[in-house]
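Welcome, and thanks for taking a look at this one with us. Please have the sequence and the coordinates open as you read.

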Amino acid sequence: MDFLKDTELMSKRRLPMIQSKTTDRYQRMKKTSSIHLAMETKKSLKEIVEDFPNNPESMDYFYKLASVFAGEEKINTNGKKVIATTCVQVPTELILAADAHPLRLCGGAYATDQIGSEYLPAKTCPLVKSTLGLMHLDLYQVDEKPLAVVNPTTCDQKRKLGEVSTDLVDIPYYTLELPPTKDSEEARIYWQKVVKKFSKYIEHITGNKITRGKLKKSIKSVLEAQREYRKFYNLRKGKPVIWGKDAILITNAYFYDNIERWISNVKQLNAELEEKVEAENYIANNRSPRILLTGSPSIFPNLKIPILTETLGGVIVAEEFCSTSRMLYDTVAVDEWYIYDMIPALADRYLKPCTCPNFTPNKDRERRLLEMIKEFSIDGVIYQSFAGCQLFDMESRKIGKVLEKNGTAMLSIETDYSPEDHGQISTRLEAFVESLKTRKHIERK
Amino acid sequence: MNKIKTYLNNADVSRFRFWVQIFTFVLFVYGGYWGITIAQNLPIFACPYDHATGGTCFLISLQHQLHTTWDTLFSVRGFALLTAFGTFLLFFFFLNKAWCGFICPVGTLQDWITKFRKSIGVRFSRYEETTFKYLKVIKYLFLIWLLIVPLAIANSFFGLPHMSHDWFPPFCTICPARVIMPLFTGDVSQLAIDFSSTPALIMTTLGILAAALFIVGSFVKKRFFCLFCPMSALQFLFSKIAFLRLNKYGDKCTKCGNCYRVCDVGIKEIADDVISKNIVKDDCMMCFKCVEACPEDGCLEVAMFKIPILTASENGFFKRYGADEQKEITDDPK
């Protein structure tokens with residue numbers, strides 16, 4: 001198959017270190033960026049941990065895990081091979097079934113965003129730039145260097161990233177051909193074939209065969225993770241017992257953590273939160289507006305908007321992000337537990353319910369948001385779009401109209417990873433949260 | 001009350017269905033040996049060519065009642081047709097298309113063939129969307145055929161000569177159930193090809209072919225024959241007013257497609273239609289596998305007289321599909 005040839009070429013090419021990485025400048029850049037990243041991580045963690053009283057004890061694990069970006073201790077993969085991914089549509093079950101460690105790279109760090117800016121056009125989305133910077137400087141969250149980066153053809157920028165940065169990243173890209181639409185049967189069949197081919201690639205590059213038993217086991221363990229996530233998700237439907245900034249951190253941990261460890265820690269957290277619900281130990285009172293976050297994903301350390309919103313008195317009770325609910329909410333059901341049915345089932349799960357704006361039409365996102373607003377008794381929606389993230393930006397007006405019709409207030413914010421717009425955003429958020437409070441107050445009367 | 005509800009929502013409906021199917025299969029294939037006759041005019045393929053059948057299929061009565069001249073049809077004798085039809089509807093209204101999924105012995109037989117295929121690890125096939133669209137129509141053509149031919153044998157249409165009686169019964173002779181079901185009681189007489197006249201030859205040959213196709217088809221395709229079943233077509237005409245319902249609340253649907261994946265008859269609307277409440281389509285056999293596979297609380301619902309008896313639930317889904325399932329895969333067949 002053609003991809004086998006490509007990979008071989010790539011692995012030959014990677015033996016002599018790629019040129020851009022041999023210069024002194026690169027070494028200096030790596031050193032300063034690592035320091036910046038560590039500082040950024042610590043600052044963000046400080047805000048998350050210290051500015052909020054009564055954080056659940058079980059969150060300590062996740063706070064510690066997030067400090068991996070500070071470069072102190074990397075995630076131990078127990079000698080497993082690592083396959084990196086750059087988007088939510090990569091079936092991680094296949095990677096797990098090949099005894100490899102899936103690592104989602106989507107970056108949230110401003111330090112690496114600045115590195116990416118050197119090589120990508122100025123108007124590129126910070127997430128893509130940050131991801132590139134992370135790969136270029138080898139600042140992976142795990143101790144093992146990834147064997148390959150699986151890059152789904154989602155938005156234009158991610159789609160092109162693999163092609164334009166081969167001289168910057170010394171691991172091979174694998175392009176996962178995601179269709180631009182998901183409702184048609186043709187797209188579905190095409191995507192099933194793509195995923196089938198991808199499973200062969202994973203087998204090839206890891207040298208491990210994806211057997212029926214292993215795939216079944218990995219599907220079940222992801223289902224277990226989803227069961228715990230959904231439990232957590234449902235807990236947030238009631239009076240708030242956990243801040244949104246923590247929720248985002250938990251799902252972020254799923255990007256790089258060992259899945260079993262992640263499950264057991266979320267389980268522990270859920271138990272603690274259930275106790276809090278029982279003891280009526282809430283983090284905010286009834287007057288605090290319940291907020292839904294959507295749009296471009298908040299990824300640690302860039303938790304600017306969630307942290308600001310919550311310090312200003314709002315509570316984020318739900319997120320419709322590809323870094324949170326879109327990644328873990330929807331499940332797989334397999335009818336016949338054989339490879340021939342498991343792989344298409346996985347393909348369906350990663351395509352059909354996905355509400356990423358790169359699909360058109362994307363009516364499902366409107367429906368999903370409306371349902372979430374109902375389920376979580378949302379008072380207001382904050383729509384985050386990154387400067388350069390065209391797709392979320394383009395959908396914001398459409399979503400705004402739908403929400404207006406539904407009687408839900410929405411604040412649309414364009415931002416990026418730099419700390420510069422902090423003041424401006426803070427003012428807007430404050431006004432929004434206050435107006436929601438007033439509205440709630442009037443409605444209660 | 002809530003406990004019962006949770007119990008039902010977490011139940012393994014497929015296992016329940018498996019046992020019901022065994023019970024009804026024995027009842028309708030061998031019931032005659034114990035002198036059991038449940039009823040005539042049933043909305044299932046309980047085939048009277050099997051001499052031990054525990055009931056009869058409505059289609060055979062329908063063909064017999066229609067095998068009459070116009071005069072008699074519109075006289076007092078026509079009441080016989082109406083009562084037969086009324087009985088059929090009465091039965092049908094209670095269980096809607098669940099007759100197909102839970103009771104029909106021919107459906108059960110196909111499920112068993114599927115089970116056999118599964119046990120040897122052979123993959124199934126699915127129709128392409130367009131093929132499926134065309135094939136769906138065949139059952140309605142069969143229905144029209146079985147309604148018209150008996151009348152055309154007894155009457156003259158537009159001055160044309162009467163059809164030969166050897167075409168009768170027009171559907172039963174080509175129905176795979178006629179050939180296969182008697183085999184379960186050791187009766188091989190239906191395997192014969194009748195050379196007495198051209199229509200008889202054509203019909204019996206088609207019957208044998210249909211039976212062969214039935215076995216091969218249901219091996220590679222789940223519920224192969226149901227797609228062509230005229231009973232299914234006839235049932236669907238009245239499905240909208242039946243008491244047992246399969247409802248979908250589209251707002252809750254995330255279109256994850258779990259329901260479509262597990263659907264044995266391949267109904268795409270179950271996943272993609274987020275507007276219709278009544279989601280029973282003409283090929284649906286109401287096996288409720290979709291409800292089992294739906295992880296959204298209250299998205300799919302089975303209701304009898306508007307009282308929900310089985311509702312899709314997150315807990316139920318994880319119980320059925322999640323990690324703590326007892327049956328673990330031990331070895332790899334390949």
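Predicted model: local features only at pLDDT ≥ 70, side-chain atom pairs only at ≥ 80, totals over all residues.

Chain A carries 17 helices and eight strands, while the largest nonpolar core has 215 residues.

**Chain A as a whole**

- A compact globule of 445 residues would have a radius of gyration near 22 Å, and the 21 Å of chain A agrees with that.
- The C-alpha trace of chain A spans about 70 × 55 × 40 Å along its principal axes.
- Of the 445 residues in chain A, 53% are buried.
- Take the contacts in chain A between residues at least 6 apart in sequence: 78% of them join residues at least 24 apart.

**The parallel sheet of chain A**

- Four strands of chain A form an open sheet in the order β2-β1-β3-β4, with parallel pairing.
- The edges are held by β2 (100-104) and β4 (173-176) of chain A; each has a single partner strand, so one side of each is left without a neighbour in the sheet.
- On average, neighbouring strands of this sheet are turned by 25 degrees against each other, direction ignored.
- Five bridges link strand β1 (residues 81-85) of chain A to β2(A) in the parallel sense.
- Within β2(A), A:Arg104 is the residue that stands opposite A:Thr85.

**The nonpolar core**

- Which residues have the most contacts inside the largest nonpolar core? They are B:Cys259 and B:Cys290.
- In chain B, domain 1 (13-235) and domain 2 (243-321) each supply at least three residues to this core.
- Apart from its neighbours within four places in sequence, B:Cys290 is in contact with B:Cys259, B:Val262, B:Cys263, B:Ile270 and B:Leu300.
- As background, nonpolar side chains tend to be buried together in soluble globular proteins.

**Antiparallel strands in chain B**

- Strand β1 (residues 244-248) of chain B pairs with strand β2 (residues 300-304) of chain B over five bridges, in the antiparallel sense.
- β2(B) also runs antiparallel to strand β3 (residues 307-311) of chain B, joined to it by four bridges.
- B:Glu301 of β2(B) is the bridge partner of B:Asn247, and B:Glu301 also stands opposite B:Thr311 in β3(B).
- The hairpin of β2(B) and β3(B) has two residues between the strands, and B:Phe305 in this hairpin takes a positive phi near 50 degrees.

Terms used:
Residues numbered from 1 in each chain as written. Chains lettered and ligands numbered in written order. Core = buried A, V, L, I, M, F, W, Y, C linked by C-beta atoms within 7 Å. Buried ≥ 20, exposed ≤ 12 C-beta atoms within 10 Å, placed from the backbone. Domains from an automatic or database assignment. Contact = placed C-beta atoms within 7 Å. Pairing = 2+ DSSP bridges. Rg over C-alpha atoms; globule rule 2.2 N^0.38 Å. Axes fitted to C-alpha atoms, helices over the stretch in contact; angles between N-to-C directions.
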